[in-house]
Every structure is written in C-alpha cells, then in structure tokens.
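Welcome! Take a moment to turn the model around before reading on, and keep it beside you as you go.

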Amino acid sequence: MATAQLSEGEKTFIIHGIMEDVRTDGRSCEEYRQVEVECGVVSNTSGSSRLRLLNTEVIVGVKAEMGDPSPSHPNEGRLEFMVDFSANASPEFEGRGGDDLSVEMSTRFAEVFRTQSVLDLVSLGIIDGQCCWILYVDIVVLECGGNLLDAMSLAVKAALANTRIPKVTVLKDSEGGEDIEVSDDPDGYSTLNIDMVPLFVTLSKIGQRHVVDATLEEECCCSASLVTSVDSSGKFTGVVKKGTSSLSNESLHEMLQATKKVGIQLHHSLNEVLKEVGSNTSGRGFLVG
C-alpha cells in the first residue's frame, strides 16, 4: 500500500486534531471528501466509470464476453476482477511493487460478488452448462491519496450500472444443436440490477477516535482499521479487522454503527447520481457526511 512520509510531530498534529473532531483538511471524523463520478468514459468496453476522491483516482472498465460457466454453477454467469496499479499512482507501485496488493484487492472483490444475492448471476447464463456471460471487471488505480478500497468499490458499482449486455437468442439448428445469435441492434441490450451491490466502507482508528475516508497521511497514523462491505439497506456482507492494535467491544460497536450510517449515505448519494446520469457519459460530484 502507498504510504506518506511523516515526522512524529506531523503525526501528533493529525492525532490531536482528530481528537477534537477537526481533521487537517477541515472535515469532521465521519465526513467524506467530495466524490466525482463519470460514466461511459472508455469506448471499447461494455461499461465504465471514472471516480475521483480528491487525490485518489480510479478508472473501471467492464467487458462482457461469452465463455464457459463454472461447473459448480452451470446456469450462472460470473464476474472476474483484476486490479492494476499505475506506476504514476505511487513510486511504490513501480515494477512489480503493486502485485501483492493487486491480488489481495482482486480477491476481496471476488469474494463479495460471489453470492447470488449481490447480482442476478442467473440472468447472465445463456445455455446451461455450455455458455454464459463473463463480466471482466478491470480496475486501474491512477492516483493513490488514501481510502483506496472504498473509492474502488464506488467506481465498480458505477461501472456496473453503466454496463450494457447485448441481447442474445438461442436457436436450434437442423441437427438439434444450439446456435447463439447476438443482437446487432444498438438498443438491443439489457442492464444489471445493482440495487444490492455493496460498497466497501473503511473506518480507521486514530488515537481514541475513528475516521472515515482517511487520507494517505491519516492512514500512516492509523493503529487499526475495520473494513466492511455494506449494502444499501445497511446490512453487512463482510467485516475484516486490520492492523496491530486491538479494538474494545465498545469501539467495535461504535465503528460498526458509524459504518452502517455512512454506508447507507454513500449508497443513497451514488444511486441518486446514477439515476440522473443513466447510461450516458456524464460527470457529477456529491458529498457524504
């Protein structure tokens, strides 16, 4: 993970400010930076988005391709995630510096989207046991300024909302086999229902308090963090604790409640933007907190 170089005095300044609910950029502890979202920004994809969280920037492209379904789920399609870190995002990502983090984050997204309740994977099936739609979700980190996982999940949800999947017809041939006919009608496509797609919300414990949307400098002062995935109703679909410091039951309860509140606000704000944008290329910012 990208890190910032801070002196002990700078760390103390950040921690003391957070204790007073005042962060170095003027935000309160449970306030997000402004989020800017664009959809349909990559022309050779089925759907795409670009998201900027001040100095964290992510671009996501989704490609729908036909392939073989999983043997364990022969009537479903699937998603495959790949995270790539631009060397321009941080000097630490030069060469193979971001490989381990790429695998970790790709795996985390794959685990969240594995369940049927997140997306209707059956709708991505074409011929049971033979053919399905595979959505290749490529996430590219262009700039890393803190709270990377949360920003990536916002961009993924926006890209999936923008994704168009061509309509297909399965035809019987003269020998009893099946042929797939893909519609060439520009308006002949279906979209994904993203209502239950969760977002990652990370809370960082700094001193005796916790903050959402930590900057790179704040992450250097973090002793422990709680990474959760939350759906639009506030239901947790995953919780992971990171860091060396322990969390008391009281701190854990407070952080989970804050995560639920912020998660619901994030979903609402993003959904409002996506409804306004629709499937067209457009940019729009919003604030949470």
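The report below walks through strands, cores and helices in turn. Please keep in mind that this is a predicted model.

Let's begin with strand β1, residues 35-39. Its covered face carries Val 35, Val 37 and Cys 39, while Glu 36 and Glu 38 belong to the uncovered face. β1 is joined by 5 bridges to strand β2 (residues 47-53), and the two run antiparallel. Glu 36, for instance, has Arg 52 in β2 as its bridge partner.

**The nonpolar cores**

Which residues have the most contacts inside the largest nonpolar core? They are Leu 79, Phe 113 and Ile 139, in a core of 67 residues. Helix α3 (residues 148-162) supplies the largest share of this core, with 10 residues. A second, separate core has 7 residues, including Ile 14, Ile 18, Cys 29 and Cys 221.

Leaving aside neighbours within four places in sequence, Leu 79 is in contact with Phe 113, Leu 119, Leu 121, Leu 124, Leu 135, Val 137 and Leu 160.

**An open sheet and the helix across it**

Next, find the open sheet of 4 strands, whose order is β12-β11-β13-β14 with antiparallel pairing. From one strand to the next, the twist averages 20 degrees.

Strand β11 (residues 199-206) pairs with β12 over 4 bridges in the antiparallel sense. Within this part of the sheet, Ser 204 stands opposite Val 211 in β12. Helix α5 (residues 249-277) lies across β11, β12, β13 (224-230) and β14, and runs at about 140 degrees to β11.

**Two helices that pack together**

α5 also packs with α3, and α3 passes α5 in a right-handed crossing. The table sets out how these helices meet.

| Feature of the α3 and α5 packing | Value |
|---|---|
| Angle between α3 and α5 | about 35 degrees |
| Distance between the axes of α3 and α5 | 11 Å |
| Residues in α3 | Leu 154, Lys 157, Ala 158 and Ala 161 |
| Residues in α5 | Leu 266, His 267, Leu 270, Asn 271 and Leu 274 |

By class, this contact of α3 with α5 has 6 nonpolar, 2 polar and 1 charged residues.

Terms used
Residues numbered from 1 in each chain as written. Predicted model: local features only at pLDDT ≥ 70, side-chain atom pairs only at ≥ 80, totals over all residues. Heavy atoms only, no water. Buried < 20%, exposed > 50% of the residue type's maximum accessible area, 1.4 Å probe, protein only. Pairing = 2+ DSSP bridges. Core = buried A, V, L, I, M, F, W, Y, C linked by side-chain atoms within 4.5 Å. Contact = heavy atoms within 4.5 Å. Axes fitted to C-alpha atoms, helices over the stretch in contact; angles between N-to-C directions. Left-handed = near helix turned anticlockwise from the far one by under 90°. Nonpolar A, V, L, I, M, F, W, Y, C, P; charged D, E, K, R; others polar.
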